[in-house]
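Welcome, and thank you for looking at this structure with me. Please open the sequence and the model side by side, and we will walk through them together.

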Amino acid sequence: MSRRPAPARSAATAFPYVRWLLAGAALSVLVVVVSPPLQRKLVSRVYRTYRHYLHPPNGSANLRTPALTGYPVRGVDVSAHQGEIDWRRVGREKGVKFAFIKATEGRSWLDPYFDQNWDAARAAGLRCGAYHFYRPNRDARQQADFFVNQVTLAAGNLPPVLDVEKTDGRSAEEIRRGLRIWLRLVGKRYGVKPILYTNHKFYLTYLHGHFDDYPLWVANYQVSAPRLNAERWIIWQHSDEVLVPGIRGYVDGNVFAGSVEDLNELLLK
């Protein structure tokens, strides 16, 4: 039986990654010429697309998450990376009682989803808190001023959070000096001690023995409990690959070291 000659294959068909490379090149050009707010949106969109198509959630995250027996009070923390969130569905999820929402970073970056996440999460009945991503190479006082000028906290909200996990080339003492300034100024503004967030390695390297009078929220994955004294931490981020109805793709999963009543004691009065 005779065969018709095979049609010529395009470069994109013969080499499927060519399309990704061309798309990446086009995106790079766009990022250079568009405004900073649009740059952030483009980067966020690419990140979500990458996670969705190349590393799609398939439930396997639960296999890499330790059993959380004994921690009935759960929560999430989100940023622009999660995109649009159906907070009503999140609020109906059993055990999910709180949400920390990224507000600011450095001296001038406001998360583009902060306002809508804040309003919708509160409307869904979740106890909400806002966090600032700290940049050690930026002035700490300016970062504190920027946060308090963007975030209004009231009775019923969780304390503000300072997220520190980068050195930006600064020494341990420089990092700690800046953190003290931010924590003092923000604490004075809201009348409550902020919560300090970091990961286990960063804590041991830069913060251990310091800031012990501040509540600690620690990220520590692939373990059955944080490798810190149980009296030291109040919130444990146990995984960054948790699946929660209402949130597309993976999200950070957290548990509170106590009961709902204990969590309520943290709320601003």
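Among contacts in the protein chain between residues at least 6 apart in sequence, what percentage join residues at least 24 apart? The share is 63%, where contact means heavy atoms within 4.5 Å. Before going further, please note that this is a predicted model, in which local features need pLDDT of at least 70 and side-chain atom pairs count only at pLDDT 80 or more, while totals for chains, interfaces and linings use all residues. Residues are numbered from 1 along each chain as its sequence is written, and side-chain values use heavy atoms, with hydrogens and water left out.

Let us begin with the overall picture. The protein chain has nine helices and nine strands; these are DSSP runs numbered from the N terminus, with helices being H or I of at least four residues and strands E of at least two. Of its 269 residues, 42% count as buried, a word used for under 20% relative accessible area, with exposed meaning over 50% and partly exposed in between (1.4 Å probe, protein chains only).

Now look inside. The largest nonpolar core has 50 residues, and Trp87 and Phe147 have the most contacts within it. Such a core is a set of buried Ala, Val, Leu, Ile, Met, Phe, Trp, Tyr and Cys residues joined through side-chain atoms within 4.5 Å. Helix α7 gives the most to this core, with seven residues. Another core, of 15 residues, lies apart from it and includes Phe100, Tyr131, Val161 and Phe256.

From here, follow α7 to its partner. Helix α7 (residues 172-190) packs with helix α8 (residues 200-207) at an angle of about 100 degrees, and their axes are 10 Å apart. That makes the two helices roughly perpendicular, the term for angles of 65 to 115 degrees. Axes here are lines fitted to C-alpha atoms, for helices over the stretch in contact, and angles run from 0 to 180 degrees between N-to-C directions. On the α7 side the contact is made by Ala172, Ile175, Arg176 and Leu179, and on the α8 side by Phe202, Tyr206 and Leu207.

Helix α8 also holds His200, which is buried, with a relative accessible area of 10%. The side chain of His200 reaches the backbone oxygen of Arg227 at 3.2 Å. Leaving aside neighbours within four places in sequence, His200 is in contact with Val218, Ala219, Asn220, Arg227 and Leu228.

Leu216, in strand β7 (residues 216-219), counts as buried because its relative accessibility is 0%. Leu216 and Leu196 are 20 residues apart in sequence, yet their C-alpha atoms are 5.0 Å apart in space. Val244 sits in the loop between β8 (233-242) and β9 (251-256) and, at 6% relative accessibility, is buried too. Val244 touches Val76, Val90 and Val251, not counting residues up to four places away in sequence. Of these, Val76 is 168 residues from Val244 in sequence and 8.8 Å away in space, C-alpha to C-alpha.

Note on methods. Parallel < 35°, antiparallel > 145°, perpendicular 65-115°, else oblique. Polar contact = N/O pair within 3.5 Å; in protein donor to acceptor, adjacent residues only side chain to side chain.
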